[in-house]
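Okay, thanks for coming, everyone.

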Amino acid sequence: MQAHTANNSRGDNPAELRTAPELLLHHAAVRGDKTAMREKEYGIWQSWTWTQMKDEILALAGGLASIGFKRGDKLGIIGANRPQLYWGMCAAQCLGGIPVPLYKDMVAEELQYVLEHAGVQFMLAEDQEQVDKVMEVQAECPALTQIVYDDQRGMRDYDHTHLHSIESMQRAGRELAKAKPDFLQGEIDKNNGSDVGIFLYTSGTTGKPKGVVLSHDNIIVTARNTVAYDSLSDREETLSYLPLAWVGDHIFSYGQAYVAGYCVNCPEDETTVATDMREIGPTYYFAPPRIFENMLTSVSIRMEDASAFKQKMFHYFMGVAKKTGVALINGDDVSAAEKFKYWLGNILIYGPLKNTLGLSKIRIAYTAGEAIGPEIFEFFRSLGINVKQLYGQTEASVYITIQPDGEVYADTVGVPAPDVEVKIADSGEVIYRSPGVFLEYFKNAESTRETKNDEGWVLTGDAGYFDDRGHLKIIDRAKDVGKLNDDSMFAPKYIENKLKFFSQIQEAVVFGDARDYATAFINIDLEAISNWAERNNIAYASYQELAGHPQVYDMILGNIEQVNRDLASDAHLSGSQISRFLILHKELDADDGELTRTRKVRRRIVLEKYAVLIDALYSGKTNCFIRTEVVFEDGRKGSIEGDLKIADVPVFDALAKAS
Amino acid sequence: MGREMDSSNQMTQTPVMEVKNISLSFGGVKALTDISFDIREGEIRALIGPNGAGKSSMLNVISGFYHPQIGEVWFKGVKRPPMKPYQVARQGVARTFQNIALFKGMSTIDNLMTGRINHMKVNLFWQALWKGPAEREEIKHRERVEHVIDFLEIQAIRKTPVGRLSYGLQKRVELGRALAADAQLLLLDEPMAGMNLEEKEDMSRFIIDVNEEFGTTIVLIEHDMSVVMDLSDRVVVLDYGRKLADGEPDEVRNNPSVIDAYLGVSHE
């Protein structure tokens with residue numbers, strides 16, 4: 001194989017390589033002994049070099065070919081972040097096929113929809129659990145014929161006529177390579193950069209998921225541009241722990257890794273991510289705001305249990321960091337005394353803290369997907385961690401805007417990413433054009449037309465504007481921006497984000513479009529509030545009981561009051577102060593259809609499902625009874641009922657702050 | 001679930017253990033009276049009965065903790081002389097306890113490593129030195145223990161002191177210790193007592209997987225009837241130290257004397 005690589009028909013100039021399989025061969029030839037992937041298993045980090053990974057992937061590709069996988073076929077991939085599943089993506093691409101990664105916690109119906117819609121013929125499933133799920137829907141998906149699985153456990157008694165272990169596939173692939181040594185190279189050479197590379201199904205805050213069709217060029221060119229932008233090298237270490245089906249993971253753990261040749265580390269289990277991260281110490285890291293939020297919450301909770309001296313030291317130096325750290329990382333001038341204090345703080349607090357969080361070696365970290373709370377953002381930046389925001393979506397192969405070093409502001413999402421043009425349409429909607437722009441929505445020409453015009457401009461669906469510094473500021477989903485009855489602007493997401501910045505609030509849904517005043521549903525953050533309950537000797541038996549506790553209501557009331565005070569000072573949004581709220585008796589859950597798999601609120605579903613509660617919020621009642629159907633993780637259904645209290649919040653005069 | 005179908009191919013008719021006419025008394029209290037049954041290789045054998053029926057006593061006889069006044073225990077076709085529990089363990093019999101019996105201050109890993117003690121061959125001198133042969137041996141045993149950790153999906157609590165774990169997880173660690181011992185016969189004393197529904201389902205899954213993947217023979221004491229009926233291949237019913245019935249779950253379920261003594265109406 002080595003010989004073939006050297007004679008690669010497209011030459012060895014990495015900039016000319018247009019697909020992941022070509023890059024794989026390139027890295028195997030250029031940095032064959034460097035670690036390409038690691039996975040923690042049996043308590044030890046097992047690793048594969050680029051050469052080993054190439055052998056594994058080519059063997060798997062050969063195996064797939066031996067059971068009839070051919071150009072244009074689709075390989076559904078479902079499971080956790082395991083090297084074998086990433087190899088499956090590349091193996092399918094070697095044969096000119098299309099990987100279709102899926103969310104591993106999808107329930108059978110969701111899975112069936114995607115498999116049927118994409119016309120998936122082959123499946124790569126992680127373990128028995130996923131195989132069972134696939135088999136459950138197989139009858140409804142006539143195209144699906146063969147299933148390959150990774151973990152042997154529990155698979156012994158299954159009928160193996162159309163079911164194969166990944167080892168048996170690789171054995172078959174190695175046989176094939178002996179019989180037809182030029183076959184795979186030939187297939188890889190047949191790929192064009194403009195061919196379809198992957199289907200990524202969007203989680204869909206409205207309606208059914210849409211299959212975003214991306215070409216090899218979309219992914220590889222975007223990855224190449226951004227690798228250059230952030231000068232990522234083959235020395236980076238990353239942790240792959242976000243869903244395979246999510247475009248972010250496809251770029252960070254696949255596209256950019258194949259372009260830059262860096263090492264991707266797979267955690268042992270989803271419950272060990274924090275420990276694994278500490279062991280690896282990634283240099284390049286991506287996390288949605290929720291993860292940064294959770295880190296900060298757990299730090300605060302643990303500090304509250306620490307001794308008085310430690311607490312004092314922590315708070316003192318965090319104060320120093322707040323003043324100096326942000327200025328330092330932004331490259332502003334700082335006095336020598338301040339620098340000394342920061343240096344001392346780094347030895348005593350920031351260093352050990354970063355080490356505990358696994359953030360010691362971070363060079364660049366990104367957050368995207370939702371707005372991040374300014375305090376959370378500043379907290380991490382003040383520790384000297386270069387966290388930046390970016391704004392993107394699946395249809396753009398992630399990147400639309402990105403924050404350049406030294407120009408990082410909490411309330412904006414930065415300037416257009418390399419090679420991306422961004423404009424604000426007359427309607428106020430953000431539109432863009434880039435090499436990463438998707439080909440189409442699979443089997444949905446209508447949506448494609450609605451989203452992408454003939455000149456390649458794509459509607460983001462987000463309302464926003466460029467500020468004086470040339471940075472993009474996103475207000476809300478364009479279609480969610482509404483008006484209150486007094487004609488003032490109502491941007492629910494903006495307010496919800498302000499609410500969610502409080503550690504006590506996990507999720508918020510704000511209503512007000514075509515109403516007289518704004519109201520809110522609140523989900524409490526169980527971790528933060530249960531810790532608070534423990535410290536204050538408040539007994540509770542369930543989430544529901546805690547959520548309905550009068551003191552919890554008072555605490556949330558205080559938070560909302562503060563948000564109202566903030567809103568009062570904003571000329572556009574002072575009308576959308578929250579007048580009434582209630583705390584929901586259950587957490588909004590993706591299994592119940594209330595959130596997407598990436599944990600975004602499905603507003604329409606919430607509106608329908610909790611119509612009674614919304615009516616109550618606008619009727620002056622002080623409480624309301626509700627019974628809700630819930631779906632458990634194994635698919636069974638039950639119901640939760642409760643009598644929810646509705647509380648009023650003081651609203652501030654719009655000019656209160658100005659006077 | 002089709003357990004009968006699944007296990008018939010690996011379950012042979014040879015008994016791995018037979019207990020013959022066992023009678024055990026403590027002073028005037030007769031715990032067991034003339035009990036006989038066999039345990040076939042590769043099966044899941046349940047022991048049920050009301051409180052005080054003698055289930056745990058029976059298990060203690062099998063594990064060598066109690067010595068019956070009358071009766072014989074045959075293991076792998078050989079009559080077993082009176083033995084100490086550790087000698088029984090060396091023969092390949094491992095157990096878990098009704099009340100968790102772990103080392104609470106030790107981590108999960110260390111607890112599981114204790115399950116390997118009967119397989120450690122290096123002498124005390126080398127172990128104290130912990131170099132050379134002792135180190136190599138420990139690495140070998142650690143690898144086996146890591147496989148058990150992977151099997152039971154307890155990676156996240158590898159280094160957590162077991163005293164800090166939830167009850168359900170402690171039960172799982174205890175099963176792990178028994179598995180680490182590489183037993184051919186596994187005795188589980190109420191593995192699901194005090195667990196919630198989800199933990200019970202997990203534990204059932206693990207028990208089936210242990211039985212199917214490693215072909216381990218399992219003797220199970222359990223109170224939850226739906227669990228027993230789903231999991232086991234054959235059931236022995238005890239009442240006041242006597243054997244009431246012995247057979248496949250359906251037979252036992254429909255046996256009138258069992259219904260009278262214990263089951264009442266089957267509850268889900």
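Before the helices, a word on angles: axes are lines fitted to C-alpha atoms, for helices over the stretch in contact, and angles run from 0 to 180 degrees between N-to-C directions. Also, this is a predicted model, where local features need pLDDT of at least 70 and side-chain atom pairs count only at pLDDT 80 or more, while totals for chains, interfaces and linings use all residues. Residues are numbered from 1 along each chain as its sequence is written, and chains are lettered from A and ligands numbered from 1 in the order in which they are written. When I say helix or strand, I mean DSSP runs numbered from the N terminus, H or I of at least four residues for helices and E of at least two for strands.

So, chain A. Take α3 (residues 50-66) and α4 (residues 83-94) of chain A: their axes come within 8 Å and cross at roughly 60°. α3(A) and α4(A) are therefore oblique to each other; on this scale under 35 degrees is roughly parallel, over 145 roughly antiparallel, 65 to 115 roughly perpendicular, and the rest oblique. The crossing is right-handed, meaning the near helix is turned clockwise from the far one by less than a right angle. Who makes the contact? On the α3(A) side the residues include Leu60(A), Ala61(A) and Leu64(A), and on the α4(A) side they include Trp87(A), Gly88(A) and Ala91(A). Contact here means C-beta atoms, placed from the backbone, within 7 Å. By class, that's ten nonpolar, one polar and one charged. For the classes, Ala, Val, Leu, Ile, Met, Phe, Trp, Tyr, Cys and Pro are nonpolar, Asp, Glu, Lys and Arg are charged, and the others, Gly among them, are polar.

Another pair in chain A: α12 (residues 289-304) and α15 (residues 374-382) pack at about 70°, axes 10 Å apart. That makes α12(A) roughly perpendicular to α15(A). Pro289(A), Phe292(A), Glu293(A) and Leu296(A) meet Ile376(A), Phe379(A) and Phe380(A), and the tally is six nonpolar, no polar and one charged.

Now some strands in chain A. Two strands pair if DSSP finds at least two bridges between them. β18 (residues 429-433) and β20 (residues 458-466) of chain A are antiparallel over three bridges, with Tyr432(A) opposite Val458(A). β20(A) is also joined to β21 (residues 472-477) of chain A, antiparallel, by five bridges, and Tyr465(A) has Lys473(A) as its bridge partner there. β20(A) and β21(A) form a hairpin with five residues between them, and Gly470(A) in the turn has a positive phi of about 85°.

Over to chain B. There's an open sheet of six strands with mixed pairing, in the order β6-β7-β8-β3-β9-β10. β6 (93-96) and β10 (242-247) of chain B each have a single partner strand, so one side of each is left without a neighbour in the sheet. Neighbouring strands are turned by 15° against each other on average, direction ignored. β9 (residues 234-239) of chain B runs antiparallel to β10(B), with five bridges, and Val235(B) sits opposite Gly247(B).

Last, the interface: twelve residues of chain B are in contact with ten of chain A. On the chain B side, α6(B) gives the largest share, four residues. By class, that side has one nonpolar, two polar and nine charged residues.

Terms used: Two residues are in contact if their C-beta atoms, placed from the backbone, lie within 7 Å.
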